[in-house]
Amino acid sequence: MIGERSSEITLAHTAKTRNLKTEHRVQKFWFSLMWLFGLITVLILILVIGYVLVQGGKAVNWELLTTPPKGGLSGEGGISTTIATTFYLVGLTLLIATPLGVSAAVYLIEYAGEQSLSSKFLRTMINIANFAVETLAGIPSIIFGLFGYVLFVSTLKFGFSLLSASLAGACLVLPTIIRTTEEALLAVPDDYRRGSLALGATKWQTLSRIVLPAAMPGIITGIILSVGRVISETAVFYVTLGGSYRLPTSIMDSGRTLALHLYYLAMDTRAFDKAMGTGAVLVVMIFLINLVINLISRKLTAGVRKVR
Amino acid sequence: MKYAKKSLLVVLSGLMCLALIAACGSKSTPTPAAPVAEATEAPKVTEATEAPQGESAISLSGSTTVQPLAEKLAEAFMAANAGVRIDVQGGGSSVGVKAAGEGTSDIGMASRDVKDTEMTEFPNLQVFVIARDGIAIVAHPEVPVGDLTVDQVRDIFSGKTTNWKDVGGEDQSIILVSREEGSGTRAAFEEMVMGKETVIAATAILQPSNGSVRTTVSTTPYSIGYLSFGYLDESVKALSIGGVAPTEPNAADGTYPIVRPLNMLTNGEPTGAVKQFLDFILSEAGQKMVVEDGYIAVK
Amino acid sequence: MSGRMIVDKAVKVVLFASAIISILIVLAIGFFIFRESLDAWAKIGISEMLFKSVWRPGQDQYGILAMIVGSVSVTFGAILMGVPLALGCAIFLAEIAPAGVQSIVRPAVQLLAGIPSVVYGLFGLVILVPMIRKLNVPGNSGFGLLASSIVLAVMILPTIASIAEDAIRAVPENYRQGSLALGATKWQTITKVVLPAGKSGIIAAIILGIGRALGETMAMIMVIGNSVIMPKPLTANPLTFFLSQARTLTGNIAVEINYATGLHANALFATGVVLFALIMIINASARWIITHDQRSSEKAR
């Protein structure tokens, strides 16, 4: 709307001023360039995804998806166990990270306001906590890997296992969950809270029965985002998960996720076709995740509009 | 109420700190024998999981050279012994020695001799030579050169010879592919080819495993690298050394010059399933698999 | 006090404990990685590690300068290619593109951000490296700074583009209307009014992109060649600098950590400390730019 209006204004001015003609030509040049950049971005996406999907699609079949890898580093077999391990790891990581992340966000948004009035200590802690979340979000994944390696793998003697990897992974996705939950909570209108409190509910009753359900779609978005993060992550699990492609039977077993398997296939074997196939499976997963997130956020904005 | 809240907080944060301190404390007493090594503990640890009754689990870690062979042996052994579960992990020879010595893995794998310093650190190590392995010098399949002397190989890898024309090939610069520090294959290659004085040129592409060296050499024209015999296939050209082809018979009879042992290590005499697995490897069936994979049988 | 009030208080304490977990994690990360690196600093020496470029753990030589230079070079290359593209894309999305085009480009950017780094690495390994290898320069293996910079440029593109787009959108609409009313063209409005107003957010976006680039690991291992060498031009032509192989700080850790014991492992943790410090400085400066700007603009109002 505004864009159209402003271009009308621009046009009107062009007719009046001579100098604006050259300005307009300059604008045309730069606008074409910006269009080009947008186009290039889409082209890169099509190139990367298209190539992986087309090349990988050839290798993806029912057999690849349902047989376990075998033959050591020869790249034989399928990817079934790595798919299962990926889901195990995703589940375990989120089992650890979600309660922590959501509770942290609830505290930082819902309680921080009242606390900061009462106690200097709490106010400082909240400031530090916010700073820490931001710091965590910026730490490169290999550092989480190193941390998981030294603390969970060796010091706590969990070994290269699903447990070590999911603990390290939980640290990795914690800021994502906290930030998205915070945003979801902030989007819940204050009237909800006041209404509930006015009816005599305690703060926790208000939170658990009114605010959290209202914020649920946003929280779920954060969780799904984290699922994507865990599926795509390699560096952390490269140094904490061990890399055995056998199906883990307990959380103390080592394993190999799809992304890790892709790395091993591409680097250690010449099974580039299977690597591409694994890549295609990954890309499809990420695509689905993005789709779901977009659906939720569309529904969310539609819901907000209705409320208003 | 306020007091109660605060004290709860103090208790809670205290508990957390305690958990952390306990975590640090559990390893803050370094063993005098290995004050430096202590700092990181053994990497590839596979804590043997509490297996259901009647089952046993064996964990292996170490050399990526031995790893694929061990995985195949393990698959065969597990097929014959349903109750046993074997986990094979990489990590490199140094890790294999350490994991076996510290007991974090039941069996350590090493594709080189155990160093004297390692023997003094872990005096109970039992060494089982499960196979011998040649190290082949490999080049991209389109490289016309088919034979090099050990001296030529040394000059190439030290960066003294940089062009294929100096060793009878085309006028193209040589692209070196080597392994990481800590790799048993690299250690064996350095020991047997480079000698003590010369080092591998810094310009070499470094890859973290035998497999990735093979992939890189097979896809990079004018490249040269070195590989365990077990990894040789049609994708790379194995060069003969001083006229001797890198084949299993030539390595077995000692005419091929670059041969090293593949070891499995245990801390103390092996027992139970671990002993059974080692016996299986050294049995006729096991050694047949060793040969099938391009290594040299020890029996 | 009624039962539900007690529940209320208990919940508050539990939530507070969760809230400070991130503090504990940050502290623990710093503590453990630094502790593991202590031996390296003490036995090797800080200047020996930071200013020597020979990394030969077998001979107890642990200089990481080559890796620092490698990380900086590849990041520089990625910024050179990625930033103009990303900013162009952000301006396009925020100011120029019609709604229909936006609804294609924005999900594309989002999807690019989500693709696993190993997939980019694989793409680089299978497509870029063989392509670059065709450049006829002696010693060119295809692996190296050029391949890794291109891969990284694509990887940081969505990060920078989306943050910069937000920054541009955050510029109040009346700025634009004012400029247009004064007779400026739309492009003049963008360059002279909107971009300067969104400057701090855009700079922060670039800095965060730099952080992302410095931290990338697996894709780098796959295409950079991992040679421990100070990158330098292969021939007299300085542009061949980008054909040189290199190793990043992240790659040094990931490639060798599984092979390392003793002092070698300590030195790798020290590499982690250097990386950690670099990233902290970068992120802190991004934060400083944003908050500083907020404050100054608040003052202006």
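Here is a short exchange about this predicted model of chains A, B and C.

The model is predicted: local features need pLDDT of at least 70, side-chain atom pairs count only at pLDDT 80 or more, and totals for chains, interfaces and linings use all residues. Residues are numbered from 1 along each chain as its sequence is written, while chains are lettered from A and ligands numbered from 1 in the order in which they are written.

Visitor: How many helices and strands does chain B have?
Guide: Helices (H or I, at least four residues) and strands (E, at least two) are DSSP runs, numbered from the N terminus. On that basis chain B comes to 10 helices and 10 strands.

Visitor: What share of chain B counts as buried?
Guide: A residue is buried if 20 or more other C-beta atoms lie within 10 Å of its own, exposed if 12 or fewer, and partly exposed in between; C-beta atoms are placed from the backbone. Chain B has 299 residues. The buried share is 49%.

Visitor: Among contacts in chain B between residues at least 6 apart in sequence, what share joins residues at least 24 apart?
Guide: Two residues are in contact if their C-beta atoms, placed from the backbone, lie within 7 Å. Among the contacts you describe, the share is 73%.

Visitor: Which residues of strand β3 of chain B point the other way from Ile107(B) and Met109(B)?
Guide: In a regular strand the side chains alternate between the two faces of the sheet. Strand β3 covers residues 107-110 of chain B, and all of them are buried. Opposite to Ile107(B) and Met109(B) point Gly108(B) and Ala110(B).

Visitor: Which residue of β10(B) is the bridge partner of Gly108(B)?
Guide: Two strands pair if DSSP finds at least two bridges between them. β3(B) pairs with strand β1 (residues 56-62) of chain B in the parallel sense over 3 bridges, and there Leu60(B) stands opposite Ile107(B). With strand β10 (residues 259-267) of chain B, β3(B) pairs in the antiparallel sense over 3 bridges. In β10(B), the partner of Gly108(B) is Leu265(B).

Visitor: How far apart are the C-alpha centres of the two domains of chain B?
Guide: Domain bounds come from an automatic or database domain assignment. Domain 1 of chain B is 56-130 + 260-292, and domain 2 is 134-258. Their C-alpha centres lie apart by 27 Å.

Visitor: How does the side of domain 1 of chain B that touches domain 2 of chain B divide by class?
Guide: Here 13 residues of domain 1 of chain B are in contact with 12 residues of domain 2 of chain B. On the domain 1 side, α2 (66-80) and α3 (93-102) of chain B each supply at least two residues. Ala, Val, Leu, Ile, Met, Phe, Trp, Tyr, Cys and Pro count as nonpolar, Asp, Glu, Lys and Arg as charged, and the others, Gly among them, as polar. The classes come to 4 nonpolar, 7 polar and 2 charged.

Visitor: Is Tyr222(B) buried or exposed?
Guide: Tyr222(B) sits in the loop between α7 (210-219) and β8 (223-228) of chain B. Its phi is positive, about 65°, although it is not a glycine. Because it has 21 C-beta neighbours inside 10 Å, Tyr222(B) counts as buried.

Visitor: Which element gives the largest share of the side of chain C that touches chain A?
Guide: The contact takes 77 residues from chain C and 81 residues from chain A. The chain C side has 54 nonpolar, 15 polar and 8 charged residues. Its largest share, 22 residues, comes from helix α1 (residues 3-44) of chain C.

Visitor: And which gives the largest share of the side of chain C that touches chain B?
Guide: There, 34 residues of chain C are in contact with 34 residues of chain B. The elements giving two or more residues to the chain C side are α1, α11 and α12 (262-300) of chain C. The largest share, 8 residues, comes from α1(C).

Visitor: Why is helix α9 of chain C described as largely enclosed?
Guide: Helix α9 of chain C spans residues 199-215. It is largely enclosed by the rest of the structure because the buried residues number 15 of the 17.

Methods. The expected span of a helix is 1.5 Å times one less than its number of residues.
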